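Dear colleague,

Please find below the structure that I am handing over to you, together with its sequence. My findings follow directly after it.

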Amino acid sequence: MSAYVAKTNKPGYEETAADVKVHRIRITLSSRNVKNLEKVCADLVKRAKDKELKVKGPVRLPTKMLAITTRKAPNGEGSKTWDRFEMRIHKRLIDLISPSEIVKQITSISIEPGVEVEVTIAN
């Protein structure tokens, strides 16, 4: 997804905002706490729309469920009772189309504890 920008050598030509190289930036957020994750997503999208950027998302990816089943009795005697523990990992995906300088301003928000942010830039 590359944009072709024609440069002219006409007198009086000045570079505009359209001449700045635009990147496709993908922000991946993951957390065990849905409420914190949604709050960070809403903040990112709100800041991007305030800067009048093209935003896609947040896209909700499938939840990973990590499950462990273990015996309650430590020595193996007694009734055979089991404990089931599970951890859910929620993921969100946000795509931005903007110059990389503006993304630094957008992602400078305070991120909730337990939310992991991964930023990738694709041309």
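Contact here means heavy atoms within 4.5 Å. Helices (H or I, at least four residues) and strands (E, at least two) are DSSP runs, numbered from the N terminus. Axes are lines fitted to C-alpha atoms, for helices over the stretch in contact, and angles run from 0 to 180 degrees between N-to-C directions.

The model is a predicted one, in which local features need pLDDT of at least 70 and side-chain atom pairs count only at pLDDT 80 or more, while totals for chains, interfaces and linings use all residues. Residues are numbered from 1 along each chain as its sequence is written, and side-chain values use heavy atoms, with hydrogens and water left out.

The sheet and its helix

Four strands make up an open, antiparallel sheet, ordered β2-β3-β1-β4; two strands count as paired if DSSP finds at least two bridges between them. The edges are held by β2 (54-71) and β4 (115-122), and because each has a single partner strand, one side of each is left without a neighbour in the sheet. On average, neighbouring strands are turned by 15° against each other, direction ignored. Eight bridges link β1 (residues 23-31) to β4 in the antiparallel sense; Thr 28, for instance, has Glu 118 in β4 as its bridge partner. Helix α1 (residues 34-50) lies across β1, β2, β3 (82-98) and β4, and runs at about 0° to β3.

Individual residues

Asp 95 belongs to strand β3. With a relative accessibility of 13%, Asp 95 counts as buried (buried is under 20% relative accessible area, exposed over 50%, partly exposed in between, with a 1.4 Å probe and protein chains only). The side chains of Asp 95 and Arg 26 are joined by a polar contact of 2.9 Å, that is, a pair of N or O atoms within 3.5 Å; within protein, one must be able to donate a hydrogen and the other to accept it, and residues adjacent in sequence count only if both atoms are side-chain atoms. Beyond its neighbours within four places in sequence, Asp 95 is in contact with Ile 25, Arg 26, Lys 54, Val 55 and Lys 56.

Arg 24, in strand β1, is partly exposed at 29% relative accessible area. Its C-alpha lies 8.4 Å from that of Pro 99, although 75 residues separate Arg 24 and Pro 99 in sequence.

Two backbone details remain. Gly 57 and Pro 58 are joined by a cis peptide bond, with omega about 5°, and Pro 58 is in strand β2. Glu 52, in the loop between α1 and β2, has a positive phi of about 60° without being a glycine; Glu 52 is exposed, at 74% relative accessible area.

With kind regards
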